[in-house]
Amino acid sequence: MPTFPPELTDDIIAWIPVVCGGSWHEDVRQRYPTLLSCSLVCSAWLHASRHQLFEVLSVGTPERYDLLVSRVLHSEKMRIYLLSVRTVNLFIDPDTPAFNGKPFVHEFAGHLPNLTSMIFYLHGVEAFSSHPSSVVVMSRFSTVRTLKIQNCTFPSFGDLRRTLCSLPSLSSLALWKLSWPDPAADLSPRLSHGTSAVRRPALLRLNVTSDNDPPSRRRAQQFIAWLSETATTSSLLDLEVGIFNESTPGGQTGCMVTFGPSLFRLGRGVRKLEIAVGESRDTELELFLCTLTSLTSLHLRCYCVVKPDIWVQMERLVTSLPRPTQLIELSISVIYDGPPADFVGLESLDAALRPELLRALQAVKLDIWYSRKERAWSEVEEPVLAVTEPTVRDVMKNRLPKLSARNIIEVTAHAFEPWVPPLHVDVEPESGPMAALS
């Protein structure tokens, strides 16, 4: 068997995550098994293979966490591979025991000097550590730029606030369905006036999604009101806001109702916006869009659509932009509660997106989801299409002749049955180096 220089084999192994990576499905099917196989070929391949395996550290059960501590953190031989860790992903299934009493932040502070991304997806757990001094210890994760937290319960809003302020390099934040004790119902939308009084965080990207019940709305408004008094107001470039309870047909409310008027202060320099839209006309959202003078990319989402004239609402929102000439990309995602009606209002959208008004526009992406189930369209006399995915695409393109002629439109259609909203959960399964340790 020919012998290759170790520099060459190391370089080949380093390309495996690039070739096989992507979604966590691809990691499970290709990346991790391939790297594990490489680590077993010979001793010369072991170090490079482990280095790549430990780049993403996923822990999904208390038993896996104990293995990580006992076999890696407390091992003189294996601890060196913690230098390879770039992403830590702690998550549990609702049916598995919680991580109560597993102080990840305390035990690993100072041992992950190259960590850039932390992901916590924990059901029914008081945040990600039960130790009272965890917020102070978080400051030792000074290289972390990305933080994602989903389904966590904090002891108080102050704990969340101090956690975010303690990460000096934090620039990207995603918060999904967080909880803490219900704040006062009479929260002031503004905490102070004038310039921002809090230096951290200074986020470049924010993705925040909330439930829409009254306590969740109060928590969402408390968070946005606080964040609007930080340096994020002048640094934020990419904003994504959404609502989780999108399963009630015709009942979705807009993000402005959920997140409150402090959202206006976060839009000063935003260049990319993705936001959930209600079916009814939302004058607050129109006013918010009027303030986005730097916007180049806009993504509007509307779920559980019942009304056939949703496209009239989309046209109103697009024409609210103060500087449409700089818009480069427009995306609209609509999920119908049943087969779509006859796309009322598409012609007005086609007319509104005229070339002289949107000179920089390079792409218009329309993403349509619909259920095949039959339903009675109450108070709607519009005909229901005999829908197939090609039919939806063809009908929409025919209703948008000007955009089609410019060759910048992309229409995708997806049928699903029974009705299930295509929600994305940014969580990886149990795999990688911890799977190999068990």
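**Basis.** I used residue numbers that start from 1 along each chain as its sequence is written, and side-chain values from heavy atoms, with hydrogens and water left out. In this predicted model, local features need pLDDT of at least 70 and side-chain atom pairs count only at pLDDT 80 or more, while totals for chains, interfaces and linings use all residues.

**Overview.** I looked up the secondary structure and found 18 helices and 12 strands (DSSP runs, numbered from the N terminus: helices H or I of at least four residues, strands E of at least two). Of the 438 residues, 51% count as buried (under 20% relative accessible area, with a 1.4 Å probe and protein chains only).

**Cores.** I then looked up the nonpolar cores (buried Ala, Val, Leu, Ile, Met, Phe, Trp, Tyr and Cys residues joined through side-chain atoms within 4.5 Å). The largest has 102 residues, and Phe104 and Trp311 are among those with the most contacts inside it. Another core, of nine residues, lies apart from it and includes Ile13 and Val56.

**Aromatic pairs.** My search of the whole structure gave nine pairs (rings of Phe, Tyr and Trp, the last by its six-membered ring, with centres within 6.5 Å; planes under 30 degrees apart are stacked, over 60 edge-to-face, the rest tilted). Phe104 and Phe108 are stacked, because their ring centres lie 5.1 Å apart and their planes are at 25°. Both residues lie in helix H6, four residues apart, and both are buried. Phe157 and Trp180 have centres 5.2 Å apart and planes at 45°, so I recorded this pair as tilted. Phe157 is in helix H8, and Trp180 is in the loop between strands S5 and S6.

Key:
Buried means under 20% relative accessible area, exposed over 50%, partly exposed in between (1.4 Å probe, protein chains only).
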